[in-house]
Protein chains: 2
Amino acid sequence: MTLFFKVKTTEEVLEIIKGFEPVAEETVSLAQSFSRVLSRDVVSPEDLPGFLRSTVDGYAIRAKDSFGANESLPALLEVVGEIGMGQVPSVAIHKGQAAKISTGGMLPEGADGVVMVEYSQLLDEKTVEVSRAISPQENVIQPDDDFKKGSLVLPKGARLRPQDVGVLAGLGFKEVWAHKRPRVAVISTGDEVIPVDQKPYPGQVRDINTYTLSAFCIQEGAEPQVIGLCRDNFEDLQTMVEKGLNRANTVWISGGSSVGTRDLTLKVIESFDGSELLVHGISISPGKPTIIARIGAQAVFGLPGHTASAMVVADVFLAPFLKRLSGEGGFSGKGCGVVRARLSRNIESASGRDDYIRVKLTRKGQEWIAEPLFGKSGLISTLVDADGLLRVDRNTEGLYQDQIVDVMVFRS
Amino acid sequence: MTLFFKVKTTEEVLEIIKGFEPVAEETVSLAQSFSRVLSRDVVSPEDLPGFLRSTVDGYAIRAKDSFGANESLPALLEVVGEIGMGQVPSVAIHKGQAAKISTGGMLPEGADGVVMVEYSQLLDEKTVEVSRAISPQENVIQPDDDFKKGSLVLPKGARLRPQDVGVLAGLGFKEVWAHKRPRVAVISTGDEVIPVDQKPYPGQVRDINTYTLSAFCIQEGAEPQVIGLCRDNFEDLQTMVEKGLNRANTVWISGGSSVGTRDLTLKVIESFDGSELLVHGISISPGKPTIIARIGAQAVFGLPGHTASAMVVADVFLAPFLKRLSGEGGFSGKGCGVVRARLSRNIESASGRDDYIRVKLTRKGQEWIAEPLFGKSGLISTLVDADGLLRVDRNTEGLYQDQIVDVMVFRS
């Protein structure tokens, strides 16, 4: 079966990822809603602010009573009261009258504008001098200026930012419908891999991928479910994948960059009813030996065992995959996390595949300089030194020194 | 006292913020360490990988046995064994011998390089033909190539990314020393402000700032402690501030954009022993009526009551303040969250203060277009529409259409 598979391009794989459905929805209390993704449109249940509101400190008046007023010929108005914050005014404004009002205060009946305190002078307790004319509705918010009842506030697919949560609070939402956080089953494989708390014998390495992939899930708003560390053994891996399918929305198996283990992962996937191999190899470097399969409605990923390669696959494919599972609208962010930088040196690249190169960013005046980090294959120290990833497109033969490039910046 | 205070510039305020010390440290298990800030340098406890490791699948040999080999004149070597993953080789390589090895495998004694499987051909079970010469150390990682024992792995002040957690796993750290997450006491004030679950009478508004500021804390890696909603009353506010000082590392009071409430916040702050007013007004718009004080070692912020203004202060000052409290090294990120965009229209601006304007970002070909969102003061709907903030420096009189600008992008 695997023989018929052609290596896929980045774009083909991103298209395949879109074939998976977002996870189910649930109600979430407003206080817990930050960074959650809305599963339904949010529509305003009322007009906001719902009353005529002053945007300044000053005097609520009938605008026409100020017409023609200026510094040499101020209008004299009778002060009939002061409007307390949060209160319905107990006074009404008639011809020639004014009421003191604060920013956010509700306009009394009869008033249709507010003159700023800077253009007023209190002559005595009952009389204010207004030295500037205002037009009707000046310094006032209409009852539905902010949100009109029934209008769209936030669309389905929005990931809630602090200000979005605030707007929902302002409209009185105590809870919202949101997609559940996707659950990811994480499995590390390899006979040479040992738990972090054990001392490796020569030839052994500690389990890194469980930690990087779990942290990556948290970073992307998903919930990691650590299934465990698996020997290169059919029954063990099959049991763990089954456990993962039961516990989570998707299963990520890392390890198997060597041919034997990769075949094992494939065999295990194929042993499940309704499994379908979607991707067997991607034309990127590093990260080529990546497997994506579907078991029922769930995606199973076979990731390279080497952490630096697995993390490239995570940044390029698993991040948009988790966005998709989360129900987040749009497939790419607003360019957040991408900085433009000047390349410090030439980079050669084989055409026919996309190369992802780790770079270090340093500030030089107004510019960022991107310095490629090359190291022997299999080192993990470059992971710590790098600030981001640079893509060298498969249709170019490389990049030139001083070229301006986009760097995907790593976040924490 | 407040009369002697001059409005401070952005730069002066950022300097003042540096005067507060990071919070205490604690040990954190590796699985919980993602996005935590290291409070101590991390030094490698051992050489990594700790053994001579193959970076390819192939045959471990003595390099000199391959010297001169090519396709027409291959070297013939005796296969003396196969090295299992994670195992110390049981064979040693002598003159004219080879051992099968996988990527990540440990080189046997006597071998000093690995010839890739692509340049080998097994003639029978005991004989391999090598059609390419390798140099000593080719396709091999030295025992300390990744990390040398005693070398710096991650500096104090690093906020751990997934890959950093992975490297710590690779080096066998079960836990790390990290700064605690800063705790922030959040207080909303205002006689017109009511809890979210109550129906506002005309003139009243629901409490938005408790939600925006709490979500902002979570976004920045801090822990919000909601103290509550406070009437504009000296004793009540004093009690809440005291509770906040006891429970958290810093206290944020929002509300008080009107003169009376601002004075109340000041009076309450001054009622505490050892209080010192540091900032009373910042030359920015919106956000000017911001107060920063020190009570003992703790910072107390008085923020504008209007959410759009409070969020500008949060993005510009509270984010770096929380970075400082978290012990995060460096005062600004790597430019993550900043995109360069083309301005859609002219923006006029008063000189003498920094203006922060909300913008919407839209993609046009390779470029981002930043469209300023203007609305009447006091609206919250612009919060939802905006993708980021644009700063108009106090030394300019505005920005021009088609000018390329930096936009601070909001995250979720």
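Start by selecting A:N139, which sits in the loop between β9 (127-130) and β10 (140-141) of chain A. Helices (H or I, at least four residues) and strands (E, at least two) are DSSP runs, numbered from the N terminus. What is phi of A:N139 near? Phi is near 60 degrees, a positive value in a residue other than glycine. For background, most residues other than glycine have a negative phi, and most peptide bonds are trans.

A note before moving on: this is a predicted model, in which local features need pLDDT of at least 70, side-chain atom pairs count only at pLDDT 80 or more, and totals for chains, interfaces and linings use all residues. Residues are numbered from 1 along each chain as its sequence is written, while chains are lettered from A and ligands numbered from 1 in the order in which they are written. Colour chain A by pLDDT (the predictor's confidence in each residue, from 0 to 100): the average is 92, and 96% of the residues score at least 70. The model's scores are ipTM 0.91 and pTM 0.91.

**Cis peptides in chain A**

Next, pick A:L48 and A:P49. The peptide bond from A:L48 to A:P49 is cis, with omega near 5 degrees. You'll find A:P49 in the loop between β2 (42-43) and β3 (53-54) of chain A.

Now jump to A:S285 and A:P286, which are joined by a cis peptide bond with omega about -5 degrees. A:P286 belongs to the loop between β19 (284-285) and β20 (291-295) of chain A.

**A helix pair inside chain A**

Select residues 209-219 and 307-326 of chain A, that is, helices α3 and α6. Their axes come within 10 Å and cross at roughly 20 degrees. That makes α3(A) roughly parallel to α6(A). Axes here are lines fitted to C-alpha atoms, for helices over the stretch in contact, and angles run from 0 to 180 degrees between N-to-C directions. Angles under 35 degrees count as roughly parallel, over 145 as roughly antiparallel, 65 to 115 as roughly perpendicular and the rest as oblique.

Show side chains for A:N209, A:T212, A:L213 and A:F216 of α3(A), which meet A:T307, A:A310, A:M311, A:A314 and A:L318 of α6(A). Contact means that the C-beta atoms of two residues, placed from the backbone, lie within 7 Å. By class, the residues of this contact of α3(A) with α6(A) are six nonpolar, three polar and no charged. The classes: Ala, Val, Leu, Ile, Met, Phe, Trp, Tyr, Cys and Pro count as nonpolar, Asp, Glu, Lys and Arg as charged, and the others, Gly among them, as polar.

Over in chain B, the axes of α3(B) and α6(B) also come within 10 Å and cross at roughly 20 degrees, so α3(B) and α6(B) are roughly parallel to each other.

**Across to chain B**

To see who meets whom, highlight A:Y211, A:T212, A:A215, A:F216 and A:Q219 in α3(A) against B:P162, B:Q163, B:V165, B:G166 and B:A169 in α2(B). The contact of α3(A) with α2(B) has six nonpolar, four polar and no charged residues.

Zoom out to the whole contact, which takes 85 residues from chain B and 84 residues from chain A. Elements giving two or more residues to the side of chain B that touches chain A include α2 (162-170), β22 (338-343) and α7 (381-385) of chain B. Which element gives the largest share of that side? That's α2(B), with eight residues. The side of chain B that touches chain A divides into 38 nonpolar, 29 polar and 18 charged residues.

**Last stop: the axis**

Superpose the chains (least squares on the C-alpha atoms of residues with pLDDT of at least 70 in both). Chain B can be laid on chain A with an RMSD of 0.1 Å by a turn of 180 degrees and a shift of 0.0 Å along the axis. That is the relation of a two-fold axis. Finish on B:G337, whose C-alpha is the nearest to the axis in chain B, 2.8 Å from it. The same surface serves both copies, and 98% of the contact residues of chain B recur in chain A.
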